[in-house]
Amino acid sequence: MGILERITKNVDNKYWYPENDTFPVKNRYTAGVAGQKFFQELKDNGKIYGTTCAACKLTFVPAKLFCEQCFAELDDWVDVGTTGILWSWTIAYKNKDDSKKETPTLLAAIRLADGLLVHWLGECSPEDVEIGMPVTAVFKDPGEREGSLLDIGHFKPVIS
Ligand SMILES: [Zn+2]
């Protein structure tokens with residue numbers, strides 16, 4: 001489900017159909033102005049953008065159109081890079097349908113500038129994970145991207 005798809009049935013906005021294992025939100029406009037640019041940059045250029053409020057000295061990721069602190073309109077777009085800091089993480093042992101996962105998956109909150117992205121953590125085991133370690137985005141191939149946060153396949157630890 002990318003930003004360029006459009007919903008055709010209104011009920012699809014309200015219900016999750018577990019048999020499809022997808023959440024069918026396909027509205028072209030739900031991402032908003034800032035969200036649309038944020039997702040377009042992920043898709044087209046493999047870049048993560050935020051917006052900066054000079055007065056509050058904050059860079060919001062994902063990009064926002066207005067500052068959460070002072071409500072100023074934001075139009076200072078910043079490429080924040082693809083490497084952030086592991087802020088928090090957990091292990092998921094079950095699927096959405098409550099069945100046991102064959103392989104537990106790692107979920108992480110990744111600090112990029114002054115924002116957080118929640119995403120998969122891959123290419124590491126739980127024993128390797130440390131709060132505060134640098135992690136970098138692993139993007140899908142350009143032809144597979146569709147304008148969603150899942151254009152990033154996962155984040156992985158930065159090997160130094
Ligand atoms: Zn501000």
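Student: In the hairpin of β4 and β5, which residue takes a positive phi?

Tutor: That residue is Asp98, with a phi near 75 degrees. The hairpin has five residues between the strands. Please keep in mind that this is a predicted model.

Student: How many bridges join β4 to β5, and in which sense do the strands run?

Tutor: Strand β4 (residues 83-94) and strand β5 (residues 100-112) run antiparallel and are joined by eight bridges. Within this pairing, Ala92 stands opposite Thr105 in β5.

Student: What else is Thr105 in contact with, leaving aside its neighbours within four places in sequence?

Tutor: Besides Ala92, Thr105 is in contact with Trp120. Thr105 also lies 5.7 Å from Ile91, C-alpha to C-alpha, although the two are 14 residues apart in sequence.

Student: Why does Thr105 count as partly exposed?

Tutor: Thr105 has 14 other C-beta atoms within 10 Å. A residue needs 20 or more to be buried and 12 or fewer to be exposed, so a value in between counts as partly exposed.

Student: On to the next hairpin. Which residue has the positive phi between β5 and β6?

Tutor: There it is Ala113, with a phi near 55 degrees, and this hairpin has two residues between the strands. β5 pairs with strand β6 (residues 115-121) in the antiparallel sense over seven bridges. In that pairing, Leu112 stands opposite Gly115 in β6.

Student: Let us step back. How many helices and strands are there in the chain?

Tutor: The chain has one helix and eight strands.

Student: What span should helix α1 have, and what does the model give?

Tutor: Helix α1 (residues 32-45) has 14 residues and should span 20 Å at 1.5 Å a residue; its end C-alpha atoms are 19 Å apart, which agrees.

Student: Which residues of α1 are buried?

Tutor: They are Ala34, Phe38, Phe39, Leu42 and Lys43. These residues cover an arc of only 165 degrees around the axis, so they sit on the same side of α1. Val33 and Asp44, on the other side, are exposed.

Student: What do the buried residues of α1 pack against?

Tutor: They pack against β1 (49-53) and β8 (152-157). After α1 comes Gly46, which has a positive phi near 65 degrees.

Student: Which strands form the open sheet, and in what order?

Tutor: The order is β2-β1-β3, with antiparallel pairing. β2 (58-60) and β3 (76-79) each have a single partner strand and stand at the edges, so one side of each lacks a neighbour in the sheet. From one strand to the next, the twist averages 40 degrees.

Student: How many bridges pair β1 and β2?

Tutor: Three bridges, in the antiparallel sense. In one of these strands, β2, Phe60 is the bridge partner of Thr51.

Student: Finally, what pLDDT does the chain average?

Tutor: The chain averages 88, and 82% of the residues score at least 70.

Key: Residues numbered from 1 in each chain as written. Predicted model: local features only at pLDDT ≥ 70, side-chain atom pairs only at ≥ 80, totals over all residues. Helix = DSSP H or I, 4+ residues; strand = E, 2+ residues; numbered from the N terminus. Pairing = 2+ DSSP bridges. Expected span 1.5 Å × (residues − 1). Arc of directions from axis to C-beta. Contact = placed C-beta atoms within 7 Å. Axes fitted to C-alpha atoms, helices over the stretch in contact; angles between N-to-C directions. pLDDT = per-residue confidence, 0-100.
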